[in-house]
Amino acid sequence: MQVFLIPLFIGGVLATLFLPFCNWMEKKKVPKSIAVFISLLGLLLLIFIIISLLGYKIVELISDIEILKQKAIEAGTKIQQYIFDSLNLTITEQNKILKSEQPSYGNIAQMMLGSMSSFLSSCILLLVYFIFLLYYRSHIKTFLVKLTPKSQQTEMQEIIQKVATVSQQYLIGLSKMIFLLWVMYGIGFSIIGVENAIFFAIMCGLLEIVPFVGNIIGTSLTVLIAAINGANSQLLFGIVIVYGIVQFIQGWVLEPLIVGSQVKINSLFTIIALVLGELLWGIPGIILAIPLTAMFKIVCDHIEALKPYGFLIGEIETSKIEIRFVDKIKKLIKPNK
């Protein structure tokens, strides 16, 4: 079931992102099939740009792999010596334990091949769902409307429209957020002198796809690799400071202006949705958790019996202090003419 649902849902969420573009082309008398094909090219171009942004820096890191390997060996030797001093466990005994716990190279290769084939098949399925969901969107919408009683068909059309819109708004807001995080992390890491600052800025920004956890993982990896490269404590502390400043700006300025108004889910149920998503589908579940929960809330808000659940999931009323703060920021960004 997981293999079937994950590509379907991701393809569906991405399809909603390209709905306005596809509709615009069709209004300009572009045939639907060509509009869908151009949207597919747009998606592939977007993926290519992201891979390219990371790729050239990964090549640089790979060129330094021998240095990193040597430093990792030195760190491993120090850890082994510490274990010997603390637990009186010889290095030979430690190596035996490690060998007994490690899987064979054949098993590792088999697992990697299995994972790669599964990943590639999921990517192909995702693109296929993306194409056909865009192409048959009117057909599917008419089907859903026909399922409902005539007295509720107008409301069903409104629900479908809002569900598609919230997904678009979430993805667009998230894209803006990631771009601004790239800029802030890039400036911060460059100022304090982090090697490959742009690469780590892009990585930390992209990991924002996974709310709460992603930025912590990105910063931890930055600190870890900087430490392996021999960074001093001041630089490591500087990375943490940059992370703290960026998170403050993100939480108090960017999210209320860019994402906060798009997805009305409170923090408690955001975390619950993320945990459930991870338990059900792993990393893809975490990525899908927020847009799917936002869609579910819209459905709850339009069905009388489910309205209490929509209220429970929704954001609480913003305090007057927060409203004033956001309004002041908006005036600074967009001053009245």
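Trainee: How many helices and how many strands does the protein chain have?

Mentor: Start with the overall make-up of this predicted model. The secondary structure of the protein chain comes to 15 helices and 0 strands.

Trainee: What percentage of the residues count as buried?

Mentor: Buried means under 20% relative accessible area. The protein chain has 337 residues, and the share of them that counts as buried is 32%.

Trainee: How far does helix H8 reach from its first C-alpha to its last?

Mentor: H8 runs over residues 153-192, a stretch of 40 residues. At 1.5 Å a residue, 58 Å is expected. The reach in the model is close to that, at 58 Å.

Trainee: Which residue just after H8 takes a positive phi?

Mentor: Look at the position just after the helix H8. The phi there is about 90°, and the residue is Gly-193.

Trainee: Is Asn-196 buried or exposed?

Mentor: Asn-196 sits in the loop between H8 and helix H9 (197-206). Its phi is positive, about 55°, although it is not a glycine. The cut-off for buried is under 20% relative accessible area. Asn-196 has 17% relative accessibility, so it counts as buried.

Trainee: And Lys-29, buried or exposed?

Mentor: Lys-29 also lies in a loop, between helix H2 (19-27) and helix H3 (32-63). Lys-29 is not a glycine, yet its phi is positive, at about 70°. Exposed means over 50% relative accessible area. Lys-29 reaches 76%, so it counts as exposed.

Trainee: Which element gives the largest share of the nonpolar patch?

Mentor: The patch covers about 820 Å² of surface, and its residues include Phe-21, Trp-24, Ile-34 and Phe-37. Two elements give two or more residues to it, H2 and H3. The largest share is 7 residues, and it comes from H3.

Trainee: What is the relative accessible area of Ile-34?

Mentor: Ile-34 is one of the patch residues. It is found in helix H3. Ile-34 counts as partly exposed, with a relative accessible area of 40%.

Trainee: Which residues does Ser-167 touch, leaving out those up to four places away in sequence?

Mentor: Ser-167 has its place in helix H8. Ser-167 is buried, with a relative accessible area of 0%. Beyond its sequence neighbours, the residues it touches are Val-13, Thr-16 and Met-295.

Trainee: What distance separates the C-alpha atoms of Ser-167 and Leu-17?

Mentor: Along the chain, these two residues are 150 residues apart. In the model, their C-alpha atoms are separated by 7.0 Å.

Trainee: How many disulfides are there?

Mentor: A disulfide is a covalent bond between the sulfur atoms of two cysteines. The rule asks for a pair of cysteine sulfur atoms within 2.5 Å. Cys-22 is buried at 0% relative accessibility, and Cys-204 is buried at 0% too. By the distance rule, the number of disulfides is 0.

How values were computed:
Residues numbered from 1 in each chain as written. Predicted model: local features only at pLDDT ≥ 70, side-chain atom pairs only at ≥ 80, totals over all residues. Heavy atoms only, no water. Helix = DSSP H or I, 4+ residues; strand = E, 2+ residues; numbered from the N terminus. Expected span 1.5 Å × (residues − 1). Buried < 20%, exposed > 50% of the residue type's maximum accessible area, 1.4 Å probe, protein only. Patch = residues over 30% accessible without salt bridge, like charges linked within 9 Å, V, L, I, M, F, W, Y side chains within 5 Å. Areas by Shrake-Rupley, 256 points an atom, 1.4 Å probe, with all protein chains shown as cover. Salt bridge = Lys/Arg side-chain N within 4 Å of Asp/Glu carboxyl O. Contact = heavy atoms within 4.5 Å.
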